[in-house]
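Dear colleague,

Here is the structure I said I would pass on. My notes follow below it.

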Amino acid sequence: LGCGAALANQGLVEKRGFLESVQKKSNLLQELLEPLLDHSHVGEIRLRGLMGGIELVKNKKTKEPYPYKTKLGYRVCAEAKKMGVLLRPLGNVIVLMPPLAISKNDLRLLVAAIQAGIGKATGQKSIG
């Protein structure tokens, strides 16, 4: 089963134009996430291709983290799950690792769910 999945993935990567489409999606993801930098509880967004992390902070100016016991990352992911998006937190960092074949519409849904999740978990619905 694992080898079959690996061969299917290899075939996908070898398709003409696939890697170029991944670069375009990476650029779109960066563009879609940029407004989140204005959220008062987003300390930093780190991206490499389609993989990334969104760091959640209690105080944006001092970069003071939320106490671990608040489980803010978990709460953000739980809210995103209500919108059909499965995410994984590492403490106060929301981990992004969408499949390379993700559609542009699904990238938009991913970011919308993250924005909504952060808003609901922090009690701050709007960005800024």
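Is Cys3 buried or exposed? In this predicted model, Cys3 is exposed, with a relative accessible area of 62%. Cys77 is buried, at 7%, because its relative accessible area falls under the 20% cut-off. A search of the whole structure for disulfides returns 0.

On the overall fold: the protein chain has 4 helices and 5 strands, and their order along the sequence is α-α-β-β-β-α-β-β-α. Its C-alpha atoms fill a box of roughly 45 × 30 × 25 Å along the principal axes. Of the 128 residues in the protein chain, 36% are buried. Among contacts in the protein chain with a separation of 6 or more, 54% are between residues 24 or more positions apart.

On helix packing: helix α3 covers residues 72–81 and helix α4 covers residues 104–122. The axes of α3 and α4 are 8 Å apart, and the two helices pack at an angle of about 125°. The crossing of α3 and α4 is right-handed.

From α3, the contact is made by Leu72, Arg75, Val76, Glu79 and Ala80. From α4, it is made by Ala113, Ile114, Gly117, Ile118, Lys120, Ala121 and Thr122. Sorted by class, the contact of α3 with α4 has 7 nonpolar, 2 polar and 3 charged residues.

Regards

Technical notes
Residues numbered from 1 in each chain as written. Predicted model: local features only at pLDDT ≥ 70, side-chain atom pairs only at ≥ 80, totals over all residues. Heavy atoms only, no water. Axes fitted to C-alpha atoms, helices over the stretch in contact; angles between N-to-C directions. Left-handed = near helix turned anticlockwise from the far one by under 90°. Contact = heavy atoms within 4.5 Å. Nonpolar A, V, L, I, M, F, W, Y, C, P; charged D, E, K, R; others polar. Disulfide = S-S within 2.5 Å. Buried < 20%, exposed > 50% of the residue type's maximum accessible area, 1.4 Å probe, protein only.
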